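I opened my notebook to look up rings, charges and cores. Here is what I wrote down.

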Amino acid sequence: MTKRGEVVHSLDRLFRRLCKLEWADGNEYVRCYTCGKTIHYKQIEIGHFHSRRYMAIRWDERNVRPQCHACNQDMEGASGADRARIIYNFYAARLKAEIGDKDFSELESHKTDKVPTVELEALAAVMRARLKNMEGKDA
């Protein structure tokens, strides 16, 4: 794996852990953004509004919401264009209402930005520090 690949892998792992801990209630449960099902935070998935292929917003907390496996991966049997349409229609209005038009437009505008590896490494350091504070130990 390349150095950049290792940094991306590390960021994915840190981001998943950070989001799950932030979303969890006092009993370690999280509600699925799409269907409302409540499940343990270790089983929740990180659902991205814009695809993870857009590196500039892949780890942007405004772009992700907690989802159960069925909603994040399966969409109860929907696939391809149907799945994309369902996700976009459901998320777009709700996400825009939550984060506001300005942040929603900002996510759109940064989708194709290029991110140097050194910036990804800095982001990983920030995430490690946040996790350390949340967990009270080294991340």
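**Notes on rings and cores**

I started at tyrosine 33: arginine 94 lies over the face of its ring, 3.8 Å from the ring centre. The charged end of arginine 65 also sits over the ring of tyrosine 33, at 5.7 Å from its centre. (A charge sits over a ring if NZ of Lys or CZ of Arg is within 6 Å of the ring centre and within 35 degrees of the ring normal.)

I noted that this is a predicted model, where local features need pLDDT of at least 70, side-chain atom pairs count only at pLDDT 80 or more, and totals for chains, interfaces and linings use all residues. Residues are numbered from 1 along each chain as its sequence is written, and side-chain values use heavy atoms, leaving out hydrogens and water.

Next I looked for aromatic pairs and found 1. Phenylalanine 49 and phenylalanine 104 make a tilted pair, 5.6 Å centre to centre with 45° between the planes. (Rings of Phe, Tyr and Trp, the last by its six-membered ring, pair if their centres lie within 6.5 Å; planes under 30 degrees apart are stacked, over 60 edge-to-face, the rest tilted.) Phenylalanine 104 counts as buried because its relative accessible area is 6% (buried is under 20%, exposed over 50%, partly exposed in between, with a 1.4 Å probe and protein chains only).

Then I turned to the largest nonpolar core, which has 15 residues; Leu11, Phe15, Trp59, Leu120 and Met127 touch the most other members. (Such a core joins buried Ala, Val, Leu, Ile, Met, Phe, Trp, Tyr and Cys residues through side-chain atoms within 4.5 Å.) A second, separate core of 10 residues includes Phe104.
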